[in-house]
Amino acid sequence: MTVTDTVTETVVVARELRKVFGDNVVIDGLNLEIRAGEFVALLGRSGSGKSTFLRALGALDGDVEGTLRVPERRAIVFQDPRLLPWQRVLTNVTVGLPATSAVRKQALDALAEVSLADKAKVWPRTLSGGEAQRVALARALVREPELLLLDEPFGALDALTRIRMHGLLQDLCRRHTPAVLLVTHDVDEAILLADRVVVLTAGAISLDVEVEVPKPRRRESAEFAALRRWLLTELGVIDGLQI
Amino acid sequence: MTSVLSRPSTKNRIGSGLVDPRAVVKKSQHGQRIPRQVQRLLGPVLLVALWQVLSTTGAFDQRTVPPPTRVVRAAYQLIADGSLLDHMSTSLLRVGYGLVFGIVLGLGLALITGLSRLGENIFDANMEVLNAIPNFALVPLLIVWFGISEVPKILLITLAVAVSIYINTFSAIRSVDAGLVEAARSFGAGRTEMIYRVIIPGSLPGFLIGLRLALTASWLALIFAETINAKKGLGRMMTDAREYFQVDVVFVLIAVYAALGLFSILIVRFLEGRLLTWRRAYDGD
């Protein structure tokens, strides 16, 4: 097995996905592939079906028609941290894993990676919003996922905390190299973090573009602004004249 | 601009009736030197004092409303001759058995119905109906079935406790945050781990509310239970006191019931403090 093989390996395959709620077709002929280690941002307006797609990938919703393949090692970070308030931070990180000293050690390492090693023994309710979301990241990373699903993970955080979290997430992804699907409605966040941005419109992919803005990416750069304008237009937020 | 020119100077503003906010805060905190718990006793103390005055001045008939001093003397005598403790230990034993059986039964049923649809279909409607039936209405039936032994007495308390525990624990299990359950499942928690790490701790606050109500219900059920030909117990003492018109003893017994009720609440508060430490940080604000 050579390095190039692993890089081009596909970890998510979705073909002709379809999901219906009553009379409402939420996902309608969705096709998407994600390669190992690739960071994909999924943009879409409210009701475009992006959260439904993520829930299907995360095996939270079973009744989706079509072909769908995901790795067994997956982890989700939800918009709210969803920590068990009656379990200490450390046990929240190890939930669902065997209670061995090796797992405990890995969990402590994961907490150290998100700079919360000193909070291992505290109750989740004493944490700030940003800290709680970092615990949720540690809980996902300790599973060494091949696919990391992020469902608007920074949506509830204040602007300054969000910027810090962006940096942290980039660091973690560089070290652990999972494939990432980030569901967001923040166009800047998508361009800043992703290798590839995908726009979901009415339940199908309407735009699939590699982000070629050179790193480190700055909002002020011309490439950033151009891509931003393009994506916003695709999302129907502004027309070409209004910038 | 004229508006800028006509603006008063800073010095003027300090002089014109501004106050130091700290002085305002300090004033409102003056009464805080006596501990809050002691302050709260003011009401009961005033009430007893008023009662004493009204009884001794003859506003109350001393035969039907004896003064507090006589109630205290009666209590002292009942304690000294050992009869109060004797009767009370019998009652406590009944409540103790009723609580143990009732908690086991109520908790067991709540877990079965809470964790399985089938269990809910079998038991829940029955328990709802049992909850709707006044406890006292079951007394004749229990006497017919079990005679006038200890069994119907303990059973009556058991039922009252089981219903309180069941109703509250079942609804607590069903209202555990679905988002947490979903998250735990997505991280690989199996059924066993889900029950002991998510469902049980998540429904513990509801169970403790049930326990608080169950303790209150158990004392109420005890009073009903001891109307069933009890040879001993606080209920028997009450019946005797009524027969012999010992109103002071009636007052002593009412005080005993009050003390036992308050003591039960203290026990639950203690348990809440120990078992729900994770909530303390949250309740603090």
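**Entry 1: two helices of chain B**

How are α7(B) and α13(B) oriented to each other? I looked at a predicted model, where local features need pLDDT of at least 70, side-chain atom pairs count only at pLDDT 80 or more, and totals for chains, interfaces and linings use all residues. Residues are numbered from 1 along each chain as its sequence is written, while chains are lettered from A and ligands numbered from 1 in the order in which they are written.

I found α7 (83–115) and α13 (234–243) of chain B packed at about 130 degrees, with axes 7 Å apart. Helices here are DSSP runs of H or I with at least four residues, strands are runs of E with at least two, and both are numbered from the N terminus. Axes are lines fitted to C-alpha atoms, for helices over the stretch in contact, and angles run from 0 to 180 degrees between N-to-C directions. The pair is therefore oblique. Under 35 degrees would be roughly parallel, over 145 roughly antiparallel, 65 to 115 roughly perpendicular, and the rest is oblique.

Next I checked the residues. H87(B), M88(B) and S91(B) of α7(B) meet L234(B), R236(B) and M237(B) of α13(B). Contact means C-beta atoms, placed from the backbone, within 7 Å. I sorted this contact into three nonpolar, two polar and one charged. Nonpolar covers Ala, Val, Leu, Ile, Met, Phe, Trp, Tyr, Cys and Pro; charged covers Asp, Glu, Lys and Arg; the others, Gly among them, are polar.

**Entry 2: where the chains touch**

Chain A and chain B each give 17 residues to their contact. On the chain B side, α11(B) has the largest share, six residues. That side holds 10 nonpolar, four polar and three charged residues.

**Entry 3: the sheet of chain A**

I traced an open, mixed sheet of six strands in chain A, ordered β5-β6-β7-β3-β8-β9. Strands pair if DSSP finds at least two bridges between them. β5(A) and β9(A) are at the edges with a single partner strand each, so one side of each lacks a neighbour in the sheet. The twist averages 20 degrees from one strand to the next.

L200(A) has I205(A) as its bridge partner. At the other, β5(A) and β6(A) run parallel, joined by four bridges. There V77(A) is partnered by L150(A).

Is β5(A) covered on one face or both? Both: R74(A) and I76(A) on one side, A75(A) and V77(A) on the other, are all buried. Buried means 20 or more other C-beta atoms within 10 Å of the residue's own, exposed 12 or fewer, partly exposed in between, with C-beta atoms placed from the backbone.

How values were computed: Contact = placed C-beta atoms within 7 Å.
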